[in-house]
Structures are given as structure tokens and as C-alpha cells.
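Here is a short tour of a model that you can follow on screen. Please keep the sequence and the 3D view open side by side while you read.

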Amino acid sequence: MLQYDIVVVGAGGAGMSAALAASRDRHLRVAMLSKVYPTRSHTGAAQGGINAAMGFRDPTDSVEKHFRDTVKGSDFLADQDAVEFFTAGMPDIIRELDYYGVPFSRDEHGRVAQRPFGGASSPRTCYSADKTGHVILHTLFEQCLKNGVEFFEDWMLLSVVVSDGKLDGIVALDIRTGEIHPILARAVVIATGGFGRIYWTRTTNAFNMTGDGTAVCFEAGIPLKDPEFVQFHPTGLARTGILVSEACRGEGGYLLNKHGERFMARYAPEKMELGPRDLVSRAIETEIREGRGFGEGLQAHVLLDLRHLGREKILERLPQVRDLALTFEGVDVIEKPVGIRPSAHYTMGGIHVQDYRTCATPVEGVHAAGECSCISVHGANRLGGNSLAEVVFFGKYAGLGAQETARHRDFGNEKRVVAEAQRWARVFETMRKKTTGHNLFQIRDRMAETMWYNVGIFRTEKDMVKALHTLDELWEMYQDAYIGDSSVRYNQAFVHYVEVGNLLKLAKAVTLGAIARKESRGSHAREDYPHRNDGEFLKHTLVYKEGDRYRLDYLPVRITKYPPEERKY
Amino acid sequence: MRTITFRIQRYDGSRSWFQEYVIPYESGRTVLWALIKIREEQDPTLTFTAACRHAICGSCAVRVNGHSVLACKTSLDELLKVFQTDVLEVTPLSNFPVIRDLVVDWRPKTERLKTVKPWLIPTQAGSAATGFAQSPQEYRRIASPTDCIQCGICSSECEQLAENPRFLDPFILNRAYRFAVDSRDAAPEEHIRPALESDLWKCLHCYQCVTHCPKEIRLDQEIAYLRQQTIRMGETDNPGARHALAFHDDVRNTGRLDEVTLPIKTEGLLRTVTRRLPFAMRLIRTGKVNPLQRPRPVRGIEGIRKIYAHVKEKEGKRQ
Ligand SMILES: Cc1cc2nc3c(=O)[nH]c(=O)nc-3n(C[C@H](O)[C@H](O)[C@H](O)COP(=O)(O)OP(=O)(O)OC[C@H]3O[C@@H](n4cnc5c(N)ncnc54)[C@H](O)[C@@H]3O)c2cc1C
Ligand code: FES
């Protein structure tokens with residue numbers, strides 16, 4: 001049976017940082033599992049940059065300002081001790097990444113270049129043209145190769161096995177061979193990314209961002225924290241939802257409605273296009289609803305205009321943005337504005353981490369980092385550039401935390417892990433042999449539609465209750481789903497079956513959290529409760545799954561320095 | 001109604017076959033859109049990988065009518081126009097083992113990648129606590145090579161790799177180059193030497209990798225650079241370097257190649273006699289070369305020598 005001191009699940013920025021940190025101790029055996037080849041992870045899609053108060057571009061910037069901006073951006077739902085720890089440590093992380101070889105763009109003094117980003121009071125987003133996530137991902141991969149980290153690519157996490165609040169091991173599918181393996185580990189780091197795919201078609205996320213690790217931990221009894229907070233990126237391409245980087249606003253792009261107005265003047269007169277994402281997304285949707293957009297229904301959009309930046313600046317700073325608009329919308333942004341509309345982008349909620357220094361969850365032996373987790377440093381709304389920062393930073397601390405755990409913990413109950421693997425093997429067998437049932441893709445698409453229309457950018461109790469009924473119905477159908485592929489080898493239909501199951505569980509948790517939060521805060525905008533209500537809701541949601549029952553609980557927010565104030569930009 | 005026919009190569013681990021799918025034509029769509037449509041509406045067993053949808057993760061490369069492309073970035077309209085057909089044949093990348101249908105195995109490539117030490121070997125000028133200083137000009141040298149998304153298209157298109165499994169995949173040479181020219185790297189030779197030892201000089205200059213690279217990386221120029229560096233490293237005693245040097249000297253001396261001495265300088269007298277003689281005799285017989293006529297300097301040779309001097313001076317400044 002496979003046995004490792006530490007297993008890292010996920011090979012994005014968070015997973016690779018964790019594996020790198022953990023593998024520094026040569027006495028520990030570290031393995032990394034990923035359902036895709038490591039450099040295919042979604043971290044590579046991050047374009048704009050990574051925040052750290054280096055003070056290169058603006059000497060008046062400081063860790064303190066980064067701390068305050070993040071708390072304010074979070075609509076005061078972030079835990080301030082965690083945010084302080086995070087923002088204070090980020091400059092060191094940038095220097096470390098530089099030392100690993102990340103090709104950062106540079107200023108004239110040879111220092112890492114920084115650009116302005118939404119919600120930041122100073123230009124502190126470090127970048128590499130518009131491929132920042134890509135180069136960080138590849139550099140971390142290189143370092144993992146150097147450190148001899150053992151990769152298991154095309155391996156999919158199916159279960160985390162827990163007894164008496166302690167980790168026993170995990171179960172994973174080797175997608176290539178179709179074998180299901182029990183794996184014993186003293187510690188695991190879950191780093192499986194977000195679950196924006198609950199909105200399947202209108203999201204900036206890759207196909208595989210299905211929140212597997214989050215759902216698996218949820219199933220194992222670890223609560224989901226703040227799942228109702230989903231960030232919608234204001235600038236998704238109109239037709240496909242594909243992201244155009246926030247850098248295009250950072251570099252000075254305009255948002256225009258059909259009257260040619262820079263409508264942000266109405267919503268954020270000072271910051272204009274550089275307002276935080278939730279505000280800009282709602283502004284765009286409001287323009288569309290009030291008839292000032294272009295097009296109708298799902299085709300509706302506003303325009304992003306970059307022409308005034310000039311050819312040279314666009315080619316130098318935003319080449320990828322230009323390329324995307326050309327390929328997917330057939331528009332050259334040097335000559336014409338491009339249609340954009342919000343698109344589901346980032347899930348602030350996730351696996352409940354209770355110790356930000358080690359990224360430990362309530363289950364002994366299980367650590368979590370990156371978008372799958374909720375520490376919480378983003379609270380109700382994440383600032384652009386803070387996620388790459390989070391994944392590298394907390395990935396490292398999760399790796400170090402797992403090291404500590406692995407040093408003092410023994411292996412868990414082997415029998416239970418084996419039994420769980422056998423159970424999965426039976427599920428796989430059944431699904432392979434099944435010849436009739438509900439179409440899986442239809443279940444998935446109905447879920448997405450219901451989430452977009454009812455638990456999307458604007459929310460009401462009535463709509464969300466409707467969504468809840470639909471989700472329950474879909475869950476019933478899912479029990480009798482049909483995958484249509486009997487292959488043992490590389491059975492993607494089965495992989496997708498597991499993913500859709502995970503999405504359904506998470507979508508329900510999002511909806512439940514959202515219904516119960518009778519206020520508007522950050523990305524969570526209730527039309528029936530348009531104001532923030534600190535008296536009742538300055539607290540984290542915790543959703544537990546106990547068998548088929550979902551239970552809600554709450555946890556106080558840790559406020560150390562900045563008492564809540566109204567969030568104005 | 002206009003339709004498009006896809007002939008897709010299938011493979012289940014033991015058997016390989018072509019399967020046809022017909023889908024209605026829609027304008028402004030990509031190859032990936034079509035593959036997904038086929039999987040979701042006609043055949044859930046059709047296996048291929050894709051993740052980001054926007055040409056950054058490198059998952060979705062396949063061959064369409066023999067050309068390697070990123071499925072997510074390639075417009076169907078363009079393909080139909082270029083090939084003047086409504087039938088497209090989709091096959092997995094070449095020069096990779098296939099796992100199932102269009103999914104290929106990257107593991108062997110990762111192992112080969114490791115040979116060029118694809119990581120920064122940092123100079124003393126920086127540390128984990130301070131980072132580095134690097135000028136915008138120095139950054140620019142690594143900007144393009146770090147665009148590589150490791151999609152495998154260059155490997156699939158590489159004519160040398162198809163014949164010679166020792167040759168390193170272009171994306172691996174790119175990785176060696178990327179570190180060799182990074183001002184923060186202390187040991188360019190450690191990235192370059194493994195490339196040299198894997199038949200660096202055997203690149204055929206067919207440019208297939210360059211023309212197909214979705215990130216437009218100039219792999220030809222990178223390979224030329226790596227070769228130059230091996231000569232600077234003193235690695236002149238191999239056929240590739242000797243060939244290049246013979247070219248260099250011939251043109252400087254006379255302004256043209258001496259086709260009689262070129263193979264001798266490249267491969268040595270003995271090998272030339274044993275391997276090239278029949279070929280040479282044929283050339284002589286058909287009048288393509290005349291061994292008795294030694295090339296004399298061409299008119300304007302001074303101009304050529306000036307170019308040499310100019311390049312040398314510039315190179316000296318760059319050193
Ligand atoms: C288009 C786009 C642009 C963005 N731009 C920025 C930006 O400019 N700045 C910024 O700060 N943030 C940005 N973000 C957000 C940021 O990129 C992500 O939040 C972050 O990269 C997530 O990293 P991660 O390591 O947590 O997860 P990921 O990079 O998503 O990696 C998840 C890993 O888990 C693996 N995995 C998943 N499920 C399983 C399973 N069941 N079994 C095994 N392995 C599994 C996957 O294979 C993958 O390796 C952007 C996001 C998007 C979508
Ligand atoms: S899907 Fe990522 S490159 Fe095509």
C-alpha cells in the first residue's frame with residue numbers, strides 16, 4: 001500500500017509551494033497528487049499579478065496599507081490577525097520567488113515592477129507582463145523537479161478518510177489505469193483550487209475547477225466556511241466568460257455603456273474603473289438591467305475601451321489581453337472596444353482552516369491552502385492580486401505545518417482507508433456497467449443555469465429557495481446518472497461524474513449560506529437585504545454536512561485593528 | 001444545412017481506429033468547441049484533455065489534418081478555409097506515447113526535461129532573502145522563452161525527433177536557453193551541455209516548431225544561440241561545430257563554400273572517404289562539383305570581411 005509522510009493534493013501554486021516547503025526536510029517522504037499535469041493547473045491562468053507591499057513603485061506603500069486595503073476589501077469579514085500575518089510576510093515571498101527564478105517584469109532600477117490594481121491604495125501588484133500566474137506556476141514546478149518531489153499526475157482524490165477527528169489516509173483514482181488506491185499519510189495538504197464551475201458556462205475558471213478537495217473534506221466532516229461568497233469578475237468576455245485581466249483596468253482602460261459614458265462615475269466617483277470587483281460587477285449588471293448595455297439576455301454586455309492607451313502600451317503591457325480578444329471575440333482592442341460582462345471568478349469560501357500559521361483544519365492531520373481553503377484573508381471579497389499571493393504564501397505555511405504534523409503523528413487506521421477504497425471501486429464498477437439513467441451533462445448544465453440566475457450577482461430569498469429545490473431535484477437525478485463509458489483506462493466520464501457530484505454538494509452549501517445571510521456584504525448582494533448588517537452578520541458561516549443533512553453554524557470574525565466602517569470607494 | 005465531419009483517431013490501449021462524427025456548422029467556433037460538442041452530444045467516451053480554454057495551460061494540443069494546434073485557440077472557420085474542406089481529421093500529437101484517444105503521456109518528457117537542469121542556478125548576487133536586481137533589458141531576454149506553455153506542439157512537429165529519439169524536444173531546448181540567458185543564472189553551461197550531448201547540432205532547420213508554436217517562440221534563434229555558446233565553451237571538436245566553423249572560415253576566406261573540403265572539415269578525412277565517396281563521385285560525374293577547381297575569393301570579398309569584423313566587434317561589446 002502507498003504510504004507517505006506527507007501527501008499534497010493539488011499541483012497549482014498552493015500545492016507546489018506546500019510540496020516545496022515540505023520537501024526541504026529530506027527525512028520526510030512527500031508525494032504530490034494532481035488530476036492534471038502540474039503545469040496545467042489553473043494558477044497558470046492568473047494574468048495580472050501578485051500583491052506585496054515592496055514599496056518600489058510607491059515608496060509610501062507599506063505592509064500596513066496592504067493590511068488595511070485587504071480588510072476593507074473583504075468588507076470586514078476577513079480575520080485580521082491572519083491578514084496581518086499574510087501581508088507582513090508577502091515581501092519576503094516575492095524575494096524568494098525572484099530567487100527561484102520567476103521572470104518578473106522590472107523597473108528601471110532592476111527591481112520587481114509593480115502596477116496598480118483594483119481596491120489597492122498604492123500600486124503594489126508585482127507582475128510579469130500579463131502571465132504572472134503562468135511564470136510562477138512553471139517556476140514552482142521547476143523547483144519541485146529540482147527538489148525531487150514525487151509527482152502523481154492524472155491521479156484524482158476521491159476521499160479523505162477520518163476517524164475520531166483524525167486523519168487516517170486518502171483514497172485516489174489513478175485515472176490512467178483505473179485503479180483506486182488507498183494511501184496512508186501522516187499529514188495531507190489539500191490544495192485543489194476553487195469551485196467556480198458551479199456556474200459551468202459563465203465562469204472564468206478552467207473546466208477542472210470543480211472544488212473536489214473542498215467537497216471531499218466537506219464530506220469528511222470538515223465544515224465549509226463562508227461558501228456564499230463568490231466573486232464575479234467584472235471583465236469576462238461577452239460570448240465565453242473567459243477572463244480579460246484586471247490589468248486592463250489597472251493600466252487605465254475605460255468601461256463604457258451604450259451612451260458612451262464612463263458609467264463608473266456613478267458608482268465609484270473617485271476610483272472609477274479601479275473600484276473593487278464586486279462593486280464594478282454590480283455596476284455593469286445594473287447598467288445592463290437598466291437598459292444601458294448592448295445586446296439582450298445572455299448576450300448582453302458593456303464595452304471595455306483600451307484604444308486611448310495606444311498600440312505600444314497595449315503591445316508591451318497587455319499582449320495576452322489583446323490576443324484573447326482577437327481569438328475569442330474577433331476584436332482587436334487597439335482599434336475597437338471589446339464586449340465584456342461579469343463572469344464567476346473566485347470562491348472566497350472553502351475548507352475551514354482554523355490555524356492560519358499552519359493552515360490546519362479541525363481534523364488532525366489535514367491542512368488546506370489556496371483557493372480550496374478559507375482562512376479567511378479575503379472575507380466577503382478578494383482583492384485582485386491577493387490570491388496568487390495567498391496561494392504561494394499559505395501554501396508554504398501549510399507545507400511547513402504539515403511537516404510539523406508529520407513529525408509527531410503516526411499513520412492512521414489502515415483498514416478504514418482500504419474499506420473506503422473498496423467502496424469507491426464498487427462505485428466505479430457500477431457506473432461503468434450502467435447502461436441507462438439521467439444524462440450527466442444535463443444535470444450539470446441545469447445546476448449551472450439555476451446558480452447563475454438565482455444565486456448569482458444579485459440575490460433574493462425567493463430565487464434562492466427556488467434554486468435549492470432545483471438542486472435537491474438534481475441530486476436525486478444524480479443518484480441515477482448514466483456516464484456512458486465502460487472503459488477502465490482513462491475514464492473521463494467517470495471523473496466528470498465525481499466532479500459533478502462535488503459541484504452539486506458545494507452549490508447547495510453556497511445556496512444555504514446565501515439564504516441564511518440576510519444582509520449584503522462584499523460579493524454577496526441581497527436585493528431583499530441591501531445593507532450590511534454587522535449587528536447580526538459580522539460572522540463567518542460554517543456549513544457542516546452530516547450524511548445527507550446540511551447544518552449551519554457561525555463563527556466570530558477576529559478583529560484586531562480595524563473596526564468595521566462603511567466601505568466606500 | 002452545412003455540416004462538418006470529424007474523423008477522429010481513437011485508441012483504447014490496444015486497438016486504434018478512426019471514427020466519424022458529423023456536427024452542424026456554426027461560425028466563429030473553435031476546434032475545442034467541436035470536440036466538446038461531440039463528447040457531450042454524441043459520444044461520452046471520446047477522450048481528450050483541455051482546461052483553461054485560452055491557450056495558457058497547454059492541455060489541448062492535437063493534430064488537425066496533420067498540423068499540431070491548440071484546440072482551444074484554433075478557429076474552425078480558418079481551418080475549413082485553409083484546407084478547403086468540410087472534413088477534418090483529428091489525431092493525437094506525434095512523438096508522444098498515446099494513453100487513450102487524443103490523450104498523450106507526458107511522463108517520459110518530464111524525465112528528459114530534467115536533464116537540462118530546468119531550474120535557476122542562482123548567482124551569488126542574489127539570495128532568498130534579498131532577491132535579485134535585473135534590468136528591464138535583461139528581463140526582455142527571458143520574456144519570450146518563459147511564454148512556453150509546454151503544450152507539446154513543437155515536439156509533435158519536430159522532424160529530427162521523429163527520426164532521432166536522442167534529440168531533445170524543442171521545448172526542452174527552450175528551457176535550457178531560458179536559463180542560459182538569465183542574468184541571475186550562475187552556470188549557463190550546466191543547462192547547455194546536456195543539450196549538446198543530446199545532438200543539439202542535429203536540428204534540421206525545418207522550422208516546423210517555430211511556425212507551429214502558439215506562443216511564437218523563436219526556437220530557431222534559441223538553438224542557434226545554444227550552438228554558438230557550445231563553441232564559446234570550447235566544444236569545437238564535434239561534427240556540428242566543425243561544420244559551422246568550416247562554413248564560417250570558407251565564407252570569410254573566399255566568400256563562398258568549398259564543397260570539397262567542407263565534408264572533410266566536418267567529418268574528418270576518413271569518414272568522408274568511407275561514407276561520402278560514392279555520393280561525391282556522383283556529384284563529380286554530373287558536374288555538380290569540380291574537385292580540381294579551388295574556389296577563389298569572390299568579387300567584393302572585402303565587404304564580406306568588413307561584415308565579419310563588424311559582427312566580431314559587436315559580439316565583443318556584448319561579452
Ligand atoms: C482566469 C483567472 C485569472 C486570475 N488572475 C489572478 C491574478 O492576476 N492574481 C491573483 O492573485 N489571482 C488571480 N486569479 C485567482 C488565482 O489564479 C487562483 O485563485 C489560484 O491560482 C488558485 O491556486 P490553487 O493553487 O489554490 O489552485 P489551482 O491552481 O486551481 O490548482 C488546483 C490543483 O488541484 C488539482 N486538483 C483538483 N482536484 C483534484 C483532485 N480531485 N485530485 C487531485 N488533484 C486535484 C488540480 O489538478 C490542480 O493541480 C485568477 C483566476 C482566474 C480563473
Ligand atoms: S485548454 Fe488550455 S491551452 Fe487549450
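The report below covers the interface of the chains, a surface patch and a loop residue.

This is a predicted model, in which local features need pLDDT of at least 70 and side-chain atom pairs count only at pLDDT 80 or more, while totals for chains, interfaces and linings use all residues. Residues are numbered from 1 along each chain as its sequence is written, chains are lettered from A and ligands numbered from 1 in the order in which they are written, and side-chain values use heavy atoms, with hydrogens and water left out.

**The interface**

Let's begin where the chains meet. In chain A, 61 residues are in contact with 64 residues of chain B (contact means heavy atoms within 4.5 Å). Together the two chains bury about 5000 Å², 51% of it on carbon and sulfur atoms; buried area is the accessible area (1.4 Å probe) that two parts lose on being put together, summed over both. Arg40(A), Tyr99(A) and Phe207(A) supply 15% of the area that chain A buries against chain B, more than any other three residues.

There are eight salt bridges between chain A and chain B, a salt bridge being a side-chain nitrogen of Lys or Arg within 4 Å of a carboxyl oxygen of Asp or Glu. Asp323(A) and Lys73(B) are joined by a salt bridge of 3.4 Å, N to O. Several helices of chain A each supply at least two residues of the side that touches chain B, and they are listed here. Helices are DSSP runs (H or I, at least four residues), numbered from the N terminus.

| Helix of chain A | Residues |
|---|---|
| H3 | 80–100 |
| H4 | 132–146 |
| H10 | 319–329 |
| H13 | 440–454 |
| H15 | 492–516 |

H4(A) gives the largest share of that side, eight residues.

**A patch on chain B**

On the surface, a nonpolar patch is formed by Ile264(B), Leu269(B), Val273(B), Leu277(B), Met281(B) and Ile284(B), with about 490 Å² of accessible area together. Such patches are made of residues with over 30% relative accessible area and no salt bridge, with nonpolar side chains (Val, Leu, Ile, Met, Phe, Trp, Tyr) joined within 5 Å. Accessible areas come from the Shrake-Rupley method with a 1.4 Å probe, and for residues only the protein chains shown count as cover. Helix H13 of chain B (residues 269–285) contributes five residues, the largest share of the patch.

**A loop residue of chain A**

Asn533(A) sits in the loop between H15 and helix H16 (534–537) of chain A. Leaving aside neighbours within four places in sequence, Asn533(A) is in contact with Glu519(A), Arg521(A) and Leu538(A).

Methods: Patches are made of residues with over 30% relative accessible area and no salt bridge: like charges are joined within 9 Å, nonpolar side chains (Val, Leu, Ile, Met, Phe, Trp, Tyr) within 5 Å.
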